Amino acid sequence: MKRHLLSIDDVTAEDIVRILDTAESFREVGTRVIKKVPALRGRTVVNLFYENSTRTRISFELAAKRLSADVINFTTSGTSVAKGESLKDTALTLQAMGADAVVIRHSSSGAPHALTRWVHGSVLNAGDGTHEHPTQALLDLYTIRERLGRFEGVRAAIIGDVLHSRVARSLSFALVKMGAEVTLVGPPTLIPPDAPRWGVNVSYEIDGILPKLDVCYMLRVQRERQRQQYFPTVREYSQLFGLTRDRVGLLPDGALIMHPGPMNRGVEIDSDVADLPQALMEEQVTNGIAVRMSLLYLLLGGTGSQEVDGDA
Amino acid sequence: MPEAMHQRVVITGARVVDPASGTDGVAGVEIADGRIAAVGDGVSAAAGATVLDGDGLVLVPGLVDLHAHLREPGREDKETVETGSRAAAMGGFTAVAAMANTDPVADTAAVIEEVRALGAKTGLCDVFPVGAITRDLAGEELAAIGEMALAGVRIFSDDGNTVPSARVLRNALTYGKAFDIVIAEHCEEPSLVEGAQMHEGYRSYTLGLIGGPAEAEEIVVFRDLALARLTGARLHLQHLSAAGSVELVRQAKAAGLRVTAEVTPHHLVFTDEQLAGYDTNFKVRPPLRTSEDRDVLRAALADGTIDVVATDHAPHAVEEKEAEFDQSPPGTIGFETALGAVFTHLVEPGILPLARAVEALSTTPARILGAPAHGGPIEAGRPANLVLFDPAAEWVVEPPFASKSRNSMFLGQTLRGRVVHTILRGELVVADGKAQR
C-alpha cells in the first residue's frame, strides 16, 4: 500500500481486498465488551477537520481509539486562509508534535495532496471539496461485499448530485476497479459530461434503471443546488430522481439501498424508504469504524496480525 | 545620461537573426553612444571597446513583452518595477508592458507617470504602463483613456477581467479611435468562469475542481471581434488558450479586421493534465487546456494567426501559492523562462522557425506596443536594444530568480537556450547571464 490514501487511485484492487479482509477481523472488536486492541499503542493520529462532519470525525476517532492510538482532534470551520493560520503552518505544527497519521477533511479539493508536502506521516483523505472521499467508498464496498458476497458483475446505480459529490467519485472509481457495473443517474446538469471516461454508464432517468439493480446508492442533494439553477425546484427533483415509496417497488428483491448520510428525508429519499430493512445506512456507519481501523492499521504498519486478536 | 550610454561594445561572430531586416547570418555589430554604429563583416574590435565574443551565440533584437504584471504600486511584496525589470532583462526583454491591475489601478495619468518614472529610474528595461479601460477595472465607467493616451499610453486593458458590458467595450473601442491606441481584452465570459479553478473537462470533473469551459473564452472572442467590426477599432486579444478562439481570429483576419492576438509560453507548453497533483503553480487564467488546444495554438503561432508570444508574468507571494488550490491566486512568473521555453519546446522540435519566434517575441510586439526603438531592425543608426543568447546552453529552472517571486510553472524543467547578454540602449544590463545592476 502507498503511504497516503488521497484518492481511490492510491489503492489497487488487491489493496482493497486486503483492506476489507483486515476490516473484517476488526469488525469483531466492536462487538466486545472492551472494544480495544493494542495495535497502534503509542502512535498519534490527528483528526484535522476544516469542515464540520461529526459522523466522519467520530468514526475516525473511535477507529483510532479502538486501536489504542492517541487521538487529537483539531477542528475548525472555514478555510485556513479565512482562519489566519495557513494549512502549511498547521501541518508543520502537527509534524512537530509527531503525528503518525493525519486524517483531513477540507472544503478545498486537493487539500490532502498539499498536506503531504509538509507532514511525514500518512495522510488520510476524509473528504476534500468535491474531489474524493475514499474511506466512505471503502466502507460502502465492505457493506456491499458483506451482503452480496462479490463485486464482479454487481449492478450499482449512484443517484443524485454526482457533479458535486466526492462520495460518488470515490465509489464509482472503487466499484469499477472491483469489476462492478456502475450507472450514474441524475439530471444532466448534475452529471459530468465526461463521466463515461470513468468507465461508468449514465442515465438521466431512474425508473428504467431501478429494476436492474443490486445496489441503489442515493446521494444527498443540497437545496443550494436549486438556488444555483441546477434544477428548477426541489419538488421537481424529488419527483424525477427521489427514491419514493412507489419507486422502491421497482427494485428487485434483495437489492440494497444505501446512502452516505446525512440524509435529506423527503428530498432524495422518502422517510419510509430510509427505514426499510434493506436500507443499510446504520450498517454503513458500523462498518465505517472497522474499515477505518483497517486503514489506519495498514497505513501505519501495525506490528502484526496476531495483535489484532490480542487483549487490550 | 548614464556613463553606459557612451560605452563602446563590439559583438563578433554572432548569428544575427532579425526579422525586421530579413537577416539571418553571422555578422559583427558595433555599438556606440547607445546606438548601433555598424553591422557587417568589416566590424572588428576597436580600441577601448568592450568585446563580446558572439561565437555560437544568437543575436536578436531585445524581446518585447506585451503582457506583464509588475505589481507596483500596491503589491511590492510580490514584485516591484525594479525587480520585475531585472527579471525581464535577465530574460532578454528590453521592453515590457505593465498591466494596469495595480493598487491603485492605473486608470489615470498620475499612476501611469508613477510607474513609468519607476521604470526609468531602474533603467534595466523600458517599462510601458498599460492603462485601464474602465475605472478601477470595474467594467462600468470608462477610465481616463484620453488623458492616459495623451500621456503616451498605447495599450489599454482591464486584464484580469473581461469588460463585461458589450456597450462599455464598444464605447471604449470607438472613443479610442481619436487616439493611436490598442484595446486589449482578457477574454473570459464571467458567468461561465465563476469560481473556476481550471479548464472544464475530464480532468476538472475527476479532480473535483470547478472548471471553466473553452467556450467562455470563445464567446468573448466572438463578441469582441464583432465589436471590432462594428467600430473599426484596433483590438488585441490577450493570452488565447482555446482552439476555437484561434479559428475565430483566423476568420476575422481574413475579413480584414484590425485584430492581433497573443499566446503565453505556458499555454504553448503545458496542458490541464499538469493539474493532477493540485500544484498551484499550474493555476492560471485563462486555464491550461487540452493537448488539442495547445497544438492548435502552436500551429496558429507558426502561421501568424496568433501574432505574438507574451509572458503574462504574474508574480505571487509564496504563502499565497502555498494555500489550498481554490484559495490560491492564478498566475505564473514568465520573464526568465520565456525565451528558453519557446526555444526548447517550439524552435528546437521544428514547430517554429527561429526567425518566426523572434518576430513573435520582439518585432511584432514592438509594433503593437508602438515602441519604435525596439524590435529591430538591427541596422546602423538604430537604438541598440539587443539580446545575445546561447542556443546550446542547458539549464534547470530553479530559484533564485531575479523576480521577487518564484511561482514558476517551469520549476524543475530543463530548458535549452539561455540569455547571455542583454543590451539596453547600448548598455550591458545583463552580462554573462548576470544582471549588472
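Let's start at B:Ala100, in the loop between strand E7 (93-98) and helix H2 (109-122) of chain B. Helices and strands here are DSSP runs, H or I of at least four residues for helices, E of at least two for strands, numbered from the N terminus. Before going on, a word on the model: it is predicted, so local features need pLDDT of at least 70, side-chain atom pairs count only at pLDDT 80 or more, and totals for chains, interfaces and linings use all residues. Residues are numbered from 1 along each chain as its sequence is written, with chains lettered from A and ligands numbered from 1 in the order in which they are written.

Is B:Ala100 buried or exposed? It counts as buried, because it has 29 C-beta neighbours inside 10 Å. The cut-offs: buried is 20 or more other C-beta atoms within 10 Å of the residue's own, exposed is 12 or fewer, partly exposed is in between, with C-beta atoms placed from the backbone.

Which residues does B:Ala100 touch, leaving aside its neighbours within four places in sequence? They are B:Val105, B:Ala106, B:Asp107, B:Val130, B:Gly131, B:Ala132, B:Ser157 and B:Asp159. Contact means C-beta atoms, placed from the backbone, within 7 Å. Take B:Asp159: it sits 59 residues from B:Ala100 along the chain, yet their C-alpha atoms are separated by 7.3 Å.

Staying in chain B, look at strand E1 (residues 9-18). Seven of its ten residues are buried, so E1(B) is largely enclosed by the rest of the structure. Strands count as paired if DSSP finds at least two bridges between them. E1(B) runs antiparallel to strand E2 (residues 23-32) of chain B, with eight bridges. There, B:Val9 has B:Ile31 as its bridge partner. The hairpin of E1(B) and E2(B) has four residues between the strands, and B:Gly22 takes a positive phi near 70° in it.

E1(B) also has parallel partners. Four bridges join it to strand E4 (residues 50-53) of chain B, where B:Ile11 stands opposite B:Leu52. Two bridges join E1(B) to strand E5 (residues 58-61) of chain B, with B:Arg15 opposite B:Val58.

Now chain A. Its secondary structure comes to twelve helices and nine strands. Of its 312 residues, 49% are buried. The C-alpha trace spans about 55 × 45 × 35 Å along its principal axes.

One is an open sheet of four strands in the order E2-E1-E3-E4 (chain A), with parallel pairing. Its edge strands are E2 (70-75) and E4 (122-128) of chain A, each pairing on one side only. Strand E3 (residues 101-106) of chain A pairs with E4(A) over five bridges, and A:His106 has A:Asp128 as its partner. Helix H2 (residues 54-66) of chain A lies across E1 (44-49), E2, E3 and E4 of chain A, at about 165° to E2(A). For angles, axes are lines fitted to C-alpha atoms, for helices over the stretch in contact, and values run from 0 to 180 degrees between N-to-C directions.

The other is an open sheet of five strands, also parallel, in the order E7-E6-E5-E8-E9 (chain A). E7 (201-203) and E9 (256-258) of chain A stand at the edges with a single partner strand each, so one side of each has no neighbour in the sheet. E5 (residues 155-159) and E8 (residues 215-218) of chain A pair over four bridges. A:Ala157 is partnered by A:Cys216. Helix H7(A) lies across E5, E6 (181-185) and E8 of chain A, at about 155° to E6(A).

One helix pair: H1 (residues 13-27) and H6 (residues 134-148) of chain A pack at about 70°, axes 10 Å apart. They are therefore roughly perpendicular. Angles under 35 degrees count as roughly parallel, over 145 as roughly antiparallel, 65 to 115 as roughly perpendicular, the rest as oblique.

Last, where do the chains meet? 23 residues of chain A are in contact with 15 residues of chain B. H5(A) supplies the largest share of chain A's side, three residues.

Technical notes:
Contact = placed C-beta atoms within 7 Å.
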